[in-house]
Amino acid sequence: MKKTCTVNIRPLTRVEGHGNIRIKIRNGKLQEAEWSVVETPRFFEAILKGKKWDNAPWITGRICGICSIGHTLASIRAVENAFGIVPDEQTRKLRLLLKHMETLQSHTLHLCFLVLPDFMNTGSVFPLIKSHGDVVLRAAKIKKLANDVCDCVGGRRLHPTRTVVGGFTMLPEKRQLHEFSERLKEITEDLMLLSGLIREFSLPDFERETEFVSLKGENDYPFIGGDLVSSDGVHMKEHDYKKMTNEYMVKQSTSKWCRLSRGSFAVGALARLNNNFDFLHPAAREVAESFDLKPVTHNPFMNNIAQLVECVHVVKESVSLIDELLDSEFGEPRQEVRPRKGVGVAAVEVPRGILYHCYRFDDKGNITKCDCVIPTGQNHANIQHDLEALAREYASKGKDDRELELLAAMLVRAYDPCISCSVH
Amino acid sequence: MAESRTRTYLGVPLYRPRVAFFEFSSCEGCQLQILNNESTLLDFLSLVEVVNFREAMTERSEDYEIAFVEGSITTEEEIKRLKKIRKNAKTLAAMGSCACFGGVNQLKNRFRNPASAKREVYGSHPVDSGPVRAVEDVVGVDLRIYGCPISKDEVEKIVLHIAIGKSIVVPKYPVCMECKRNENICLFEFGEPCLGPVTRAGCDSWCPSNRAGCWGCRGPAEDVNLRQMRKIMEENGFSEETIIDRLECFGGFLSLMKPERGRHG
Ligand code: SF4
Ligand code: SF4
Ligand SMILES: [Fe+2]
């Protein structure tokens, strides 16, 4: 039977920010499929103009509530790169630990509170508290641990207070780190049980070939700084990020879009994993393999699984990071900052993909130009192309409206979009 | 739900209000603070019936009593949406600095020429965005929850007080007092600027306890003396620029410092 249907989701729920999905199918033919972003711009890049360097991390962290630590760390790195500051070993480890815990809390929030209801046929996690209390409690336990570490190391779980250019205002106590290490070891078990549950669900079988962009690991799975790479063979230096993102404006969105070698590219957990699979912790790789997830996977729904794999990776790596920190003598928390004229770029892998901050300073350390390129902004074009392909596939199959609506919402949700962040 | 009516807190029967969460221009961090409350989230959820929370749930309802509104207001569409919420809600709470004062977003308003911010970010591409406004500049507000971000303990206390019908008291004294109570070393001793002496308490001196100066996210305490604050900052060697950066950051002090605004073309 020839299918005619309309899907109109305004706004999409269980994502951060405001975006709409519209699909129109007439007589089995796709007429329209649109992912539009209606979030109101906040003009952070203009706001920072004329401000002194120390405003940058404090203000740009407020671009996003979910990945404020990622923004703060990217901002700090951009300022440090401009001023020629190289963080010491201790600062680097503490920052990475902090970042890992943001990744863990963000991925867990997405997987268990935002995505899980789709597989359990509920509209939110709230009814699951009654029907699947153990799962919700397990997720809450993981999230709480991650947030507790962020409170301790960063000073606050969102909009951190201790993270500054040059290092930290204050260091955690070793006894606190020791306690976190014990709790992290315990959480591995919870993650395994969670993957067991997720393995029972069947993810939609949908593929569309695309390009994946991420940081390029040298010896480790990459998170803070380094070269940029794409699965189509592009390789660039951090400071050449503009050639990697190529932002442009479109009618259907208040967020800018990006492109590289083809019409669109993807960033995020799946992109990182596709480009850096060999650097995953063995335990994480094992989980990936149990889901048949290996490079290069082109099913966007597998981003959910890639997030799960990364949860295991960051937990394992955090345990080693804490061990190393406990074994070392703590030095000064921060270095002195001497502003100078110049440009600084930072590329940091935040939960939803690669994030860039770039500032230009005058000789007093005042910002004369600011540019931020957000992961979700880089994903929008890819989401649009996926949505079209998905709708076309289902138009010919003749599924009912409800099913297409659910699938389309799940597709966009799989990217874990941070929409208000993409319109900063 | 019948069961909800029988719930009690300290022997007082609980009234379980229908609450809704809405976001406007913001980082959504304030909403997240509520989901971020793992250890007490379940207790919190037993106090209220959440009927609208787009970041967490698909179901929607227009039948609610308390609306928690996050974010600042910048477009006509937002104004319309906000007015509708005001009509539906018995109690409207402005949640976080964006909603209470415009938050960091209002820094855009300091440009004398509003088109310059648009040009800086979007070039000639048309975007709809007016001046950034606090929620109370558009509709009446019954309750203010201060902070960027809000403190989860404070929200829960407020919700509990609503549920048991107790009035809500917000501290009138400055952050400085909490900081002293927490026995912190004063930030000025570390050579850091701090707005603790003039900012409304209630965050338990969140930043100074982490050895970071206060940026005034909760707005002014009662009867504050900005002139005195300037003197302390100047005596400690901080520039006029540093003082203004902090005072104007979240918008809470704007009404006390109007003339300094608009330094940028
Ligand atoms: S007040 Fe701060 S934390 Fe809350 S929404 Fe605004 S920027 Fe985010
Ligand atoms: S110390 Fe100041 S800036 Fe920090 S949370 Fe409290 S009021 Fe806000
Ligand atoms: Fe940008």
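Predicted model: local features only at pLDDT ≥ 70, side-chain atom pairs only at ≥ 80, totals over all residues.

Me: Why is α6(A) called roughly antiparallel to α7(A)?

Reply: The axes of α6 (residues 133–154) and α7 (residues 174–199) of chain A come within 10 Å and cross at roughly 150°. Angles over 145 degrees count as roughly antiparallel, so α6(A) is roughly antiparallel to α7(A). The crossing is left-handed.

Me: Which residues of α6(A) and α7(A) meet, and what is the make-up of that contact by class?

Reply: Among the α6(A) residues in contact are A:Val135, A:Ile142, A:Leu145, A:Val149 and A:Val153, and those they face in α7(A) include A:Leu177, A:Phe180, A:Leu184, A:Ile187 and A:Leu191. By class, the contact has 14 nonpolar, 1 polar and 7 charged residues.

Me: What makes the pair α7(A) and α11(A) roughly antiparallel?

Reply: The two helices pack at an angle of about 160°, and their axes are 9 Å apart. The cut-off is again 145 degrees, and therefore α7(A) is roughly antiparallel to α11(A). This crossing is left-handed, and the contact has 16 nonpolar, 5 polar and 4 charged residues.

Me: How do you know that the length of α13(A) is close to the expected one?

Reply: Helix α13 (residues 401–414) of chain A has 14 residues, and its first and last C-alpha atoms span 20 Å, against the 20 Å expected at 1.5 Å a residue. The buried residues of α13(A) include A:Leu404, A:Leu407, A:Met410, A:Leu411 and A:Arg413. They pack against β1 (5–9), β2 (19–26), β3 (29–37), α4 (89–119), α11 (303–327) and α12 (375–397) of chain A. Just after α13(A), A:Asp416 takes a positive phi of about 50°.

Me: Why is B:Leu143 called buried?

Reply: Buried means under 20% relative accessible area. B:Leu143 is at 13%, so it counts as buried. B:Leu143 belongs to strand β7 (residues 143–145) of chain B. Beyond residues up to four places away in sequence, B:Leu143 touches B:Leu92, B:Ala93, B:Ala94, B:Ile158, B:Ile162 and B:Ile168. The C-alpha atoms of B:Leu143 and B:Ile168 are 25 residues apart along the chain and separated by 8.7 Å.

Me: Is A:Asp292 buried or exposed, and on what value does that rest?

Reply: Exposed means over 50% relative accessible area. A:Asp292 has 54% and is therefore exposed. A:Asp292 lies in the loop between α10 (282–290) and α11 of chain A. Its phi is near 60°, a positive value in a residue other than glycine.

Me: How do you know which peptide bonds are cis?

Reply: Omega is the value to examine in each case. From A:Pro295 to A:Val296 the bond is cis, with omega near -10°, and A:Val296 is found in the loop between α10 and α11 of chain A. From B:Cys148 to B:Pro149 the bond is cis, with omega near 0°. B:Pro149 lies in the loop between β7 and α7 (152–163) of chain B.

Terms used
Residues numbered from 1 in each chain as written. Chains lettered and ligands numbered in written order. Heavy atoms only, no water. Helix = DSSP H or I, 4+ residues; strand = E, 2+ residues; numbered from the N terminus. Expected span 1.5 Å × (residues − 1). Buried < 20%, exposed > 50% of the residue type's maximum accessible area, 1.4 Å probe, protein only. Contact = heavy atoms within 4.5 Å. Axes fitted to C-alpha atoms, helices over the stretch in contact; angles between N-to-C directions. Parallel < 35°, antiparallel > 145°, perpendicular 65-115°, else oblique. Left-handed = near helix turned anticlockwise from the far one by under 90°. Nonpolar A, V, L, I, M, F, W, Y, C, P; charged D, E, K, R; others polar.
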